[in-house]
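Here is a short briefing on one protein model. Look at the sequence and the fold before reading on.

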Amino acid sequence: MTTTNTNQTTKTNVDQHLTFDDSVIEKIAGITATRVPGIISLDGNMFSEFADKVSSGNNMTKGIDADVGEKQVAIKMDATIEYGKSAPEIFEAVCKEIDSALDKMTGLKLVKFELHVNDVKTREELKKDDDKQVN
């Protein structure tokens, strides 16, 4: 006896595209970077500093610029690092963590990463700055 299977599954070809707004990539990078020891804050330009003072809320994309392609991402970031910490070690850790987070969450590959250290502060200086902004 011969059995013939007539139930054939046909796979439909679907044109699929998963895309991300630059701000989503910037936010992932910002949240990830602030979790790296030695990063005190992410800092933007004068306009974003002014916008932060005028608006309420915490802008996790401040100081970050992402160029997002179909499969790759380039990120530029401005940051204040903790006094006494190794800038090259912080750079390597931030780059590694952001690359991992982007790959896991988006499937995109980090192909270029620039970190511009624009200030060095002690934790005490940061606390004083925060106290000034509250008052």
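Are H1 and H3 parallel, perpendicular or oblique to each other? This is a predicted model, and in it H1 and H3 are oblique.

- Two packed helices are described by the angle between their axes and the distance between the axes.
- For H1 and H3 the angle is about 135 degrees, and the axes lie 9 Å apart.
- The crossing of H1 past H3 is right-handed.
- From H1, the residues in contact are Ile25, Ile28, Ala29, Thr32 and Ala33.
- From H3, they meet Val94, Glu97, Ile98, Ala101, Leu102, Met105 and Thr106.
- By class, this contact has nine nonpolar, two polar and one charged residues.

**The nonpolar core**
- The largest nonpolar core has 23 residues.
- Ile39, Ile75, Met77, Val94, Ile98, Leu102 and Phe113 touch the most other members.
- Helices H1 (22–34) and H3 (87–106) each give two or more residues to this core.
- Beyond four places in sequence, Ile39 touches Ala33, Thr34, Ala79, Thr80, Ile81, Ile90, Val94 and Arg123.

**Thr80**
- Thr80 sits in strand E3.
- Is Thr80 buried or exposed? Its relative accessibility is 3%, so Thr80 counts as buried.
- Leaving aside neighbours within four places, Thr80 contacts residues including Gly38, Ile39, Ile40, Asn118 and Val120.

Technical notes
Residues numbered from 1 in each chain as written. Predicted model: local features only at pLDDT ≥ 70, side-chain atom pairs only at ≥ 80, totals over all residues. Heavy atoms only, no water. Core = buried A, V, L, I, M, F, W, Y, C linked by side-chain atoms within 4.5 Å. Buried < 20%, exposed > 50% of the residue type's maximum accessible area, 1.4 Å probe, protein only. Helix = DSSP H or I, 4+ residues; strand = E, 2+ residues; numbered from the N terminus. Contact = heavy atoms within 4.5 Å. Axes fitted to C-alpha atoms, helices over the stretch in contact; angles between N-to-C directions. Parallel < 35°, antiparallel > 145°, perpendicular 65-115°, else oblique. Left-handed = near helix turned anticlockwise from the far one by under 90°. Nonpolar A, V, L, I, M, F, W, Y, C, P; charged D, E, K, R; others polar.
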